[in-house]
Amino acid sequence: MAPQRPSGPPIDKAGLGLKFLGTSVVAGLLVAGMAMPAVGALGLTAKDTAESFNNIPDDFKTPPLSQASYIYDAKGGVIAKVFDRDRTVLTKDQMAPIMRQAQVDIEDNRFFEHGAIDLKGIIRAASKNAESGSAAQGASTLTQQYVKNVNVEKAGDDQDAFLEATRKSMGRKIQELKYAIKLEEDLSKDQILTNYLNITFYGHQAYGVEAAANRYFSKSAKDLTIPEAAMLAGLVQNPTAYDPVLHPQAAQNRRNTVINKLLEYKHITPQQAKDALAAPLGIKYKEPLNGCITAQAGMGFFCDYVRHVVKMDPAFGKTQADRQKLWSQGGLKIYTTLDPEKQAAAYKAVTTKVNPTDTVSAAMTMIKPGTGEILAMAQTRPYGLDAKQNQTVVNLNVDAAMGGGNGFSPGSTFKPILAAAALEAGTPITKEYPSEFKIPYPTMTTCNGTWKADGSTVENENSSEVGPFDMKDAMAKSVNTYFVELGKDVGLCPMKQMVNKLGIKTLASGAPLVQQPSTILGAVEVSPMRMAAVYATFAARGLYCEPIAISSVVGADGKKMAVPQANCTQAMTGNTADGVNTLLKTVTEKGTASNIKINDGREFAGKTGTTDNRYAAWFNGYTPDLATAVWLGGPGGNVSMRNITIGGQYFSSVYGSDGPGPIWQTAMNDAVVGTPKSSFQLVSIPDNTPATTTPAGAGGGTEPTNPAPPAGDGTAPGGNGNGGDTGLINGGFTLPPGVIGGDTPGGNGGGNGKSGKHH
């Protein structure tokens with residue numbers, strides 16, 4: 001039943017006209033009514049309190065209540081519920097009438113009769129407190145309690161503001177009264193009660209009656225019964241003492257007190273009271289599940305990435321404080337690009353091919369070419385904080401600033417970027433070089449000068465790899481010396497510019513890119529998501545789109561918000577991209593990735609990559625409609641993938657084709673089911689030299705490794721581009737500061753070439 005509004009005696013009518021009383025009279029009533037014996041000791045006088053009353057601003061705006069936000073996949077499924085405070089704001093009609101009545105009857109049964117303060121209550125409290133010589137009984141109305149809750153809400157995580165909002169002082173009482181008067185001028189009693197039920201704390205991270213009903217009874221507030229409503233209403237006075245989970249008997253006693261109040265004020269019948277008192281407590285507790293750790297199917301890392309986007313992208317606020325406030329207040333409905341079927345395919349592949357208990361891990365990102373939409377993001381180890389369960393919160397797919405680590409060397413998967421820069425500059429796709437087994441690094445031009453040869457050398461994977469080679473065969477066999485010779489003619493600046501156009505503006509750590517010959521061979525640290533975006537650009541005929549995870553957001557006010565855009569730009573001509581696609585299709589047909597297949601026979605292209613000592617291995621492959629990057633390696637230390645068991649399979653030496661390659665194949669075979677087959681626009685490349693299938697290694701083709709960068713000029717990157725051994729985890733991965741195992745990278749540059757050595 002709805003809360004009743006009985007008319008009261010004359011003193012109650014006087015309460016409704018409280019604003020007409022002199023402020024000094026009100027202050028005097030408060031000083032006497034709260035009966036603080038030490039008021040003199042506090043230095044407060046009636047004059048002081050009257051002045052403080054007058055100095056309080058007239059306007060009191062309730063802040064938007066912090067609520068839970070929901071993150072959805074592209075098909076409307078809930079990925080996770082995230083909140084600083086678990087709350088869902090309801091309207092009056094969404095609350096059970098008995099819940100509203102129970103809250104009034106136990107806290108302020110004359111709420112609908114008096115004004116902002118209850119004069120009868122003050123007089124009663126004054127008498128009781130005078131008798132006891134202490135402030136044993138208060139006289140705050142429900143409206144004043146609501147004001148206090150608003151101040152607590154506004155304080156948020158600011159401890160000083162919280163202490164001020166809850167400080168027992170005459171000043172705070174006067175302020176609450178002033179705000180209460182203003183509220184009752186502007187809002188109806190029903191609205192104040194609704195607001196109160198939405199804001200108040202019910203224990204166990206439940207803010208507001210909807211979260212409380214869900215927490216303790218696994219139901220909505222509109223469905224609460226008399227005993228359930230009574231228990232919740234009784235909690236407000238002391239959620240800890242009356243906690244039904246920890247103190248069920250105390251909770252039941254308190255519940256019965258509320259039931260008896262409902263009966264006393266004739267809001268339930270004697271029979272209803274009898275039945276309610278006899279009912280068991282009936283707790284169906286639902287643990288508060290908060291954040292990305294609750295996401296299923298390996299979506300926790302993508303969820304965490306979405307959180308970083310909201311907190312960091314200017315689309316969600318000009319300043320970091322603005323964005324943090326938006327996230328904390330919540331109430332957002334965040335619709336993402338994540339395709340649940342492709343996510344399931346990716347998650348299945350990285351967890352069945354690599355075990356969470358293995359010393360290595362795998363990470364995979366899928367991007368839709370021409371849109372930038374991230375369709376899947378998965379890695380082997382589960383999202384979480386329990387290292388004993390092999391959990392991690394470091395998202396190996398993304399850059400450090402977005403919750404990832406400091407990246408991995410992409411190895412030979414970086415070579416197609418130089419090929420794109422060369423073709424864009426007019427180099428014929430048939431260009432030949434001697435490509436001897438071993439050559440010295442030549443002098444190369446940079447954007448701001450010259451990198452001078454210093455005698456350091458580069459060699460191919462096998463001594464049998466001796467040219468001449470053209471670009472097609474060199475790409476198929478991943479010939480190091482060919483691409484170094486190509487880099488000499490093209491220059492390091494055009495390659496750097498192409499790297500930038502493809503979305504890689506810095507290393508994954510945030511450090512600047514260094515222009516040096518070893519960059520051609522992947523001596524940089526980047527994330528799988530960035531490499532997926534690079535290969536998606538090839539698939540989209542040169543159209544680069546910034547990866548996006550969010551398609552739309554609806555704010556707490558029900559209005560659509562601006563979201564980050566892909567901002568697609570043409571990184572290279574369509575003809576250049578067609579040339580790269582043709583080269584990389586050859587890799588999958590008769591090169592280092594010839595063992596990788598898609599079951600339905602559709603066209604795909606890609607590139608393998610393996611670093612020296614087998615610290616990391618890659619396969620980045622794509623169809624015209626889906627680009628997928630897969631990395632495999634040690635996530636937190638030196639793990640040489642030689643004589644190693646991964647996912648129950650023994651490898652004498654891991655290559656891009658037989659480590660990450662089958663992971664990619666497993667995922668893509670599931671991901672493309674039921675999707676249209678598309679074809680590349682290929683270019684014709686005359687055969688200058690016969691291309692042969694690379695001999696199989698340990699389960700796959702021999703993938704050339706990347707040589708050490710040149711030494712001696714002090715510009716070679718130190719593992720993560722910052723030089724030095726400190727903080728470096730060989731294999732091109734460093735944990736960010738603040739994460740267990742992370743450290744600060746060493747000095748600038750590689751110095752003599754030892755501390756900065758990269759394989």
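## Starting with one residue

Which helix is the place of M668? M668 sits in helix α23, which covers residues 660-671. Helices here are DSSP runs of H or I with at least four residues, strands are runs of E with at least two, and both are numbered from the N terminus. The model is a predicted one, so local features need pLDDT of at least 70 and side-chain atom pairs count only at pLDDT 80 or more, while totals for chains, interfaces and linings use all residues. Residues are numbered from 1 along each chain as its sequence is written, and side-chain values use heavy atoms, with hydrogens and water left out.

Is M668 buried or exposed? M668 is buried, because its relative accessible area is 0%; buried means under 20%, exposed means over 50%, and partly exposed is in between (1.4 Å probe, protein chains only). Setting aside residues up to four places away in sequence, M668 touches M366, T623, L626 and T628. A contact like that means heavy atoms within 4.5 Å. M668 also shows how the chain folds back on itself: A346 is 322 residues away in sequence, yet the two C-alpha atoms are 8.0 Å apart in space.

## The chain as a whole

Now for the overall picture. The chain has 759 residues, and 57% of them count as buried. Its secondary structure comes to 23 helices and 20 strands. If you take contacts between residues at least 6 apart in sequence, 73% of them join residues at least 24 apart.

The accessible surface comes to about 29,600 Å², and carbon and sulfur atoms own 52% of that. Such areas come from the Shrake-Rupley method with a 1.4 Å probe, and for residues only the protein chains shown count as cover.

## Two nonpolar cores

In soluble globular proteins, nonpolar side chains tend to be buried together. A nonpolar core here is a set of buried Ala, Val, Leu, Ile, Met, Phe, Trp, Tyr and Cys residues joined through side-chain atoms within 4.5 Å. Which residues touch the most other members of the largest core? Among its 131 residues, M366 and I550 do. Helix α21 (residues 528-539) gives this core its largest share, 9 residues.

I550 has quite a list of partners beyond its neighbours within four places in sequence, including V306, V309, V310, F316 and I334. There is also a second, separate core of 53 residues, with Y196, V209, F217 and A229 among them.

## Helices that meet

Helix α14 (residues 300-312) and helix α15 (residues 320-329) have axes that come within 7 Å and cross at roughly 130°. That makes α14 oblique to α15. Axes are lines fitted to C-alpha atoms, for helices over the stretch in contact, and angles run from 0 to 180 degrees between N-to-C directions. Under 35 degrees counts as roughly parallel, over 145 as roughly antiparallel, 65 to 115 as roughly perpendicular, and the rest as oblique. R307, V310, K311 and M312 of α14 make the contact with R323, Q324, L326 and W327 of α15. By class, that contact has 4 nonpolar, 1 polar and 3 charged residues. For these classes, Ala, Val, Leu, Ile, Met, Phe, Trp, Tyr, Cys and Pro are nonpolar, Asp, Glu, Lys and Arg are charged, and the others, Gly among them, are polar.

Then look at helix α6 (residues 142-155) and helix α7 (residues 159-166), whose axes come within 8 Å and cross at roughly 170°. That makes α6 roughly antiparallel to α7. One of the contact residues on α7 is T166. T166 is partly exposed, at 24% relative accessibility. Its C-alpha atom is 7.3 Å from that of K148, 18 residues away along the chain.

How many of the 11 residues of helix α19 (residues 480-490) are buried? The count is 9, so this helix is mostly covered. Just after α19, G491 takes a positive phi of about 95°.

Positive phi also turns up in residues other than glycine. A297, in the loop between α13 (270-278) and α14, has a phi near 55°. R541, in the loop between α21 and β12 (543-544), has a positive phi of about 55°. Finally, the peptide bond from G467 to P468 is cis, with omega near 15°, and P468 is found in the loop between β10 (457-459) and β11 (469-470).
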